[in-house]
Amino acid sequence: MKSGFIGIIGQPNVGKSSLMNRLIGEKISIVTPKPQTTRDAVRGILTTDEYQMIFVDTPGILTPKTELGKYMSKETDVGAKDVDVLVIVIDGARRFSEKDYAFIERKLALRIPTYVVVNKTDEAKYERVYPILSKLAPFMTEAEGRGVIKEIVPTSCVNGSNIDKLREMLASELTDEVMYYPEGDLTDRSLRFVVGEIVREKSLLLLQDEIPHGIGIVINKFEEKKETVYVEADVVCEKDTHKLIIIGEGGSMIKRIGESSRRSIEDRTGKRVFLKLFVKVREDWRNKKNYLRDLGYEG
Ligand SMILES: Nc1nc2c(ncn2[C@@H]2O[C@H](COP(=O)(O)OP(=O)(O)O)[C@@H](O)[C@H]2O)c(=O)[nH]1
Ligand SMILES: [Mg+2]
């Protein structure tokens, strides 16, 4: 039985969370088309008879503009440190920039076994992916001051292409001989945290573009019983106008967010879920330490 930690890093929106979910075969991290969906380093755990892989999904590289941004940036660093293997994810459908190149070079200097995943191959034409591969080619050979990319793996989280192959490669890198988590654990996070993430995901998916980045969820009441889960949560936003939009006409929007969240939590737990949502305004909460703490973004 082998085990180890695998950090998943890269730019926002390239599919890091989707990749972790695919590798584990369960939805652990929330996924939306919007950048900066992931705010915390979330561990996803895959245990088989042969190994235990602990993936660390991260918010991704960003230049922090708010206190929340600083927190997210720290969480990304956490996910890239003290891991046994690094997976750098690139969006194959987007242009590969000098910044991407420099980022990979810096990570190779850490001399952690590194795999580069070129994701979204279902969307990316070969003409797009090829220049990326040729830019990465120099990293396949030794140079001073850095390690080499062990393998470049084109993947798709939509059709599952090369996911099994990548999982096998990563399994071959595991060297620890400890079970870090009990069999059956899918994440290091509590159900309470997961519920907050689900409500945030449904809010991001259902709301228009300008609001999502300013949304946070505070769980005020959480009672899990044998057959039921009872939750009361605040959907926190930054402006009165946002509050009106989140509530929607006659409460229609918050009702949709609530119903869609409830279904998702029921799927996850197999229990009957009672969910009450309240919309609150906290001006500029992303820059206020005490609000950030209430929202769970601490440290
Ligand atoms: N077409 C396509 N879309 C993908 C793929 N992987 C992820 N996505 C989409 O890309 C967006 C961002 O994904 P997410 O996993 O949240 O990216 P993250 O910010 O890097 O964690 C979502 O809309 C996903 O559905 C893929 O392989 N192909
Ligand atoms: Mg993510």
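How many nonpolar, polar and charged residues does the shell around ligand 1 have? The model is a predicted one, in which local features need pLDDT of at least 70 and side-chain atom pairs count only at pLDDT 80 or more, while totals for chains, interfaces and linings use all residues. Residues are numbered from 1 along each chain as its sequence is written, and chains are lettered from A and ligands numbered from 1 in the order in which they are written.

As for the shell, it has six nonpolar, 10 polar and four charged residues (Ala, Val, Leu, Ile, Met, Phe, Trp, Tyr, Cys and Pro count as nonpolar, Asp, Glu, Lys and Arg as charged, and the others, Gly among them, as polar). That makes 20 residues around ligand 1, with G15, K16, S17, S18 and C157 the closest; a residue is near the ligand if its C-beta atom, placed from the backbone, lies within 6 Å of it. Helix α1 (residues 16-24) gives the most to this shell, three residues (helices are DSSP runs of H or I, at least four residues, and strands are runs of E, at least two, numbered from the N terminus).

Now for the sheet. Six strands line up as β2-β3-β1-β4-β5-β6 in an open sheet with mixed pairing, where two strands pair if DSSP finds at least two bridges between them. β2 (42-47) and β6 (149-154) sit at the edges with a single partner strand each, so one side of each is left without a neighbour in the sheet. β2 and strand β3 (residues 51-57) pair in the antiparallel sense over six bridges, and G44 stands opposite F55 in β3.
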